[in-house]
Amino acid sequence: MTNYWIQLFINRNSATSVGAEENLNAILKKYFPGDYQLEIIDIQEDPDKAEEAGILAIPTLIRKWPQPEVRLIGALTVQTRVLAGLGIANVDHLQKQGDK
Amino acid sequence: MSIPKLKTGIAAFDLISAGGLPVGRTTLLAGSSGSAKTLFGAQFLAMGILLFNQNGVFVTFEEQVDDIRNDLKGFGWDIDRWEADGKWTFVDGSAKEEDVITVGEFDLSAFRVRLERAITKNEAQRVVIDSIGSIFTHFPEHNIIRQEMSKVSMTLRRMKTTAIITTERTEEYGAISRYGVEEFLTDNVMILRNVLVNERRRRTIEILKFRGSNHVKGENPFTIVPMKAIVIVPISAMRLTQHSSSERTTSGVAELDQMCGGGFFKGSIVLVSGATGAGKTLLAANFMNGGTEKKQRCLLLAFEESKEQIFRNAKGWGQDLEQQEADGFLKVVSLYPEVCSLEDHLINIQDLVNEFKPDRVAIDSISALTRNPTERGFQEFVVALTSFLKHEGITSMFTATTHMLTGGATVTEGDIATITDTIILLRYVELTGEMQRSITVLKMRGSRHDASIRRILIDEKGMRIGAPITGISGLLSNNPIVA
């Protein structure tokens, strides 16, 4: 069972979006191997979903699960801040796990 | 070459803006909190749907969509139905979470995509973004937001929509807006104000600039009326285009008709000035009576006495106003001057006139309306009122109370005198130990008139005008001397 459900809203036409997708993939693989479900939504292809979620900024990450919902915007360039934003309290612990 | 305008349909706005908002452009609407920015924007869309069959998109960055829907119901706009019919679309950009964490670079392309889609989907010609200031509070990265909003304004322009973007200001007279949005929204700027003057709120709208196009300069007062929303009082847009008539109509007193060279001119404004008890209300009642006898429709607006008092007093002069009202030729409306602002009174009077369609109107007294407003506010009111009545071709009588029993000018008269066509003075005169009432026609535009000062008698038959008072000078200067 996956413990994290994450949506990432991107716009394929923008450079920041490509960076965000890569950054997020790296973080998830490293810290949550097999423990997440990632949904990438391109607003150019799926504007309805952007409308529904009330997205303004690109990229926007939504942690749908666990509740409550958390939103992060930006290219997700700083790993520690992304982890903190996702609600990972003990980053050091995870870091060690990741290094194994 | 002047930029074409899009008629907004907001009462009198199209007049002061010389045709509406610049078509296909974005106008910045700045105003302090509570200055009716959201309402103005919503009304722009509502009027587009109601009057011109033009659809609209409303972007909210601040208020919740449900709140807006509810707030606007009070003006009789059924947003739910318009949404279902695809005439009105909300783009909800209000804050969804308490705080948003920013990690790295971002842009607002999702917003632009949603906006573009909404515009395309319902073929919107009108767009409102309310308010741009709120998006600056959502995101602390103001440089990015400025850059992104400038892209939004380019999107709006490319899509050929006529748009209003609202923005907050912190002072009524100061920088146009916070966050410097006027740097990229420079072409068209309007300001809404809500200022406290003499313990009353005074709302105004000013068109600061419409690049490459005409408009009225300065502040125009407006008011917010249920079911009509914003109604602007176009003071500075008044034009003296009313045609003047040479047709005469009776004053209701035969001798006064003679003094005026055959009666008042149809569609003219008559000012009756006098101290309390000098016969102003009686003259106004006669004026009404003279109209109803000729089967003209007459409207009496009483700001000093109740309807019952007026009916009773008129009975004492042998006039049955109650019967005349029952016959449908007369309508008496009694109002307290203090119940609302002058702008509201003006709208109210316009509504009454449009509804009853009178041939003549009497206002007893116009000076009662000076009790609360500023001098400038009153002047604007009188100009707007006379302009409206003349435009409708209504013969009107305003009474004004002087403070001195024997005469003297008042502020009221000073303001009104120049825009009235006829001025009648009712004065007390002290003659050989007796107080006498007198009447004189001081001015009558475009006509010869009797310049003598005549005695008047008031008895159970009403007003009777007698012989000229001769051998006395200095009557009007409040210093009578027997020659």
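**Chain B and its interface with chain A**

Student: What share of the 483 residues in chain B is buried?

Tutor: The model is predicted. A residue is called buried when its relative accessible area is under 20%. In chain B, with 483 residues, the buried share is 56%.

Student: How many helices and strands does chain B have, and what does its C-alpha trace span?

Tutor: The secondary structure of chain B comes to 14 helices and 25 strands. Taken along the principal axes, the C-alpha trace of chain B spans about 95 × 45 × 45 Å.

Student: How far apart are the mean positions of the positive and negative charges of chain B?

Tutor: Chain B carries 55 positive and 59 negative charges. The distance between their mean positions is 6 Å.

Student: Which residues of chain B lose the most area to chain A?

Tutor: Contact here means heavy atoms within 4.5 Å. On that basis 25 residues of chain B touch 28 residues of chain A. Between them the two chains bury about 2,200 Å², with 58% of it on carbon and sulfur atoms. Three residues together account for 30% of what the chain B side buries, and these are Ile101(B), Val103(B) and Arg114(B).

Student: Which residue of chain B forms a salt bridge with Asp48(A)?

Tutor: The rule finds two salt bridges across the interface of chain B and chain A. A pair qualifies when a side-chain nitrogen of Lys or Arg is within 4 Å of a carboxyl oxygen of Asp or Glu. For Asp48(A), the closest N and O atoms are 2.2 Å apart, and the partner is Arg117(B).

Notes. Residues are numbered from 1 along each chain as its sequence is written. Chains are lettered from A and ligands numbered from 1 in the order in which they are written. This is a predicted model: local features need pLDDT of at least 70, side-chain atom pairs count only at pLDDT 80 or more; totals for chains, interfaces and linings use all residues. Side-chain values use heavy atoms; hydrogens and water are left out. Helices (H or I, at least four residues) and strands (E, at least two) are DSSP runs, numbered from the N terminus. Buried means under 20% relative accessible area, exposed over 50%, partly exposed in between (1.4 Å probe, protein chains only). Lys and Arg count as positive and Asp and Glu as negative; His and the chain ends are not counted. The place of a charge is taken as NZ of Lys, CZ of Arg, CG of Asp or CD of Glu. Buried area is the accessible area (1.4 Å probe) that two parts lose on being put together, summed over both.
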